[in-house]
Structure formats: C-alpha cells, structure tokens
Amino acid sequence: NDPRRELAEEALAAAKRAFDLGQYEKVKELLARSPTSHPSRFLGALAALRQGDFLAAARAFESLASSYNALSDRCFLFAGQAFEAARDWSHAVAVYEQVSPWSRLQVEARLGLARAHRNQKNFALARAAIDVFTQKSPPAWGNDLGAEVLLLTADLFAAENNREKERETLLAIWARHPLSHEAQTATARLGKMKQVDVRFQIERAEALIEAHRNEQGV
C-alpha cells in the first residue's frame, strides 16, 4: 500500500464528512493540508459554491473541467451556475456552451444558457438555446425539465411583449405537463382561461391518462 495515497484518501474522506455537515470552512482547511487531486479540487469548488463565493467557485470549476474528464460536463454546468449567481452573464454563456450535446446534463445547461442570454436581453438567442426541448415529455418522476423549458420560453415571449405566444406557451404547459409545478404557475398566469382551444383540452386529457389520472382525464 502507498502511504501517501492512503493519507490523501483519508483527508478527502474527512473533508467530505465536513462538507456533508455544512462545515465549509473546515473543508477548506482539511483540503489545504491534503494532497491535491481532481476530487479534492472538485470538493473545494463545491464548498466555495455553497458558501456563496461564486466567482471563486466558477473559476475553480472552469479550470478543473479541462482536465477532469470524468466530470467535465458537470464542472462546466456548475461553473455556469456559479457565473450566473455572480451575474457574470457572458462567462456563464461561454461555459454553458461547452457542455457536451450528448451529456445527460445538456437540458440543464441549455436552460442556463437561455437564462444568461435573457439577462443580456438576447431573447432570440435564448429561445434558440432551448427550442429543441420544448416538446420534451413529462418524466415518470423528478423535475419536469420540459415544463421548465416551456415556462422559460413563456417568460421570453413576455419580455418581448408577445402576449399571444406567451399565452400559447402557457397553455402548452397546462396541457402537456398538468402535474408539474410549472403547470400551477401557468394556470395562475392564464387566469380564468376562457376559450381554451380544444386541442389543448385533448392534450391535457391524454397527459392525465398517461399519468394514470384516469378520472381527471375522462
């Protein structure tokens, strides 16, 4: 056994325990006294992010992404989120764009990219970043990213004062993602929903039945 490797693993395990307890300063102290590795740098960046040291976290994740191949896409995603939190929209755009199009994190990255473009008032680029995901079906469980994409799209149309497109997008959430949190938001924004097109009513009924809410669907 390599004693240096054992020491590094013990130090990283202690830092991880401190992280789980929310002791982020202790995480930094433990990592500073331990050998540097990709996992230790990743944990240090996460601790900085949790502490609200957004720029430091963003730069650490961005730097790590180029060499930590196993978590490269996650590093770029976290870097983008940290740059967003620091209101550095241009750097957020740059790192979100580096998440692989084949990554499981791609939808989250494109949502972040759209938010960053929106905050730069580049509404067309924001819509283009997420347009391909607007038809994403509701998941069996977990976050409904398709509904989140549609709600952000509705927000973009609202920012452009395109009320017709905003309403149509909100109706799409109400119809296709009836069990999502975003559907509650859409319903509130739609008000009494007079004159709902039949196609949206049918879509909602089908989505409810697909989710085994048969009585509501009928």
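Student: How do the residues of the lining of the second largest pocket divide into nonpolar, polar and charged?

Tutor: Rolling a probe the size of a water molecule over the atoms shows where empty space is left. This is a predicted model. In the lining of the second largest pocket there are four nonpolar, four polar and six charged residues.

Student: How much space lies in the second largest pocket, and which residues are closest to its centre?

Tutor: The space is about 220 Å³. Of the 14 lining residues, Leu150, Phe157, Glu168, Thr169 and Arg176 are the closest to the centre.

Student: Which helix gives the most to the lining of the second largest pocket?

Tutor: H10 does, with five residues. Helix H9 (145-159), helix H10 (163-176) and H12 each supply at least two.

Student: What about the largest pocket: how much space lies in it, and which residues lie nearest its centre?

Tutor: The largest pocket holds about 420 Å³ of space. Its lining has 19 residues, and Pro138, Pro139, Asp144, Leu179 and Ser180 lie nearest the centre. By class, the lining has eight nonpolar, six polar and five charged residues. Helix H11 (181-190) and helix H12 (198-210) each contribute at least two of the lining residues.

Student: Now a helix. What should the 14 residues of helix H3 span?

Tutor: Count 1.5 Å a residue, and H3 (residues 38-51) should span 20 Å. Its end C-alpha atoms are 20 Å apart, so the two values agree.

Student: Which residues in H3 are buried?

Tutor: Ser40, Phe42, Leu43, Ala45, Leu46, Ala47, Ala48 and Leu49 are buried.

How values were computed: Residues numbered from 1 in each chain as written. Predicted model: local features only at pLDDT ≥ 70, side-chain atom pairs only at ≥ 80, totals over all residues. Heavy atoms only, no water. 1 Å grid on protein atoms, 1.4 Å probe; cavity = no way out; pocket = protein on both sides within 12 Å on 5 of 7 lines; lining within 4 Å. Points joined across faces, edges and corners; volume = space filled by probe spheres on them. Helix = DSSP H or I, 4+ residues; strand = E, 2+ residues; numbered from the N terminus. Nonpolar A, V, L, I, M, F, W, Y, C, P; charged D, E, K, R; others polar. Expected span 1.5 Å × (residues − 1). Buried < 20%, exposed > 50% of the residue type's maximum accessible area, 1.4 Å probe, protein only.
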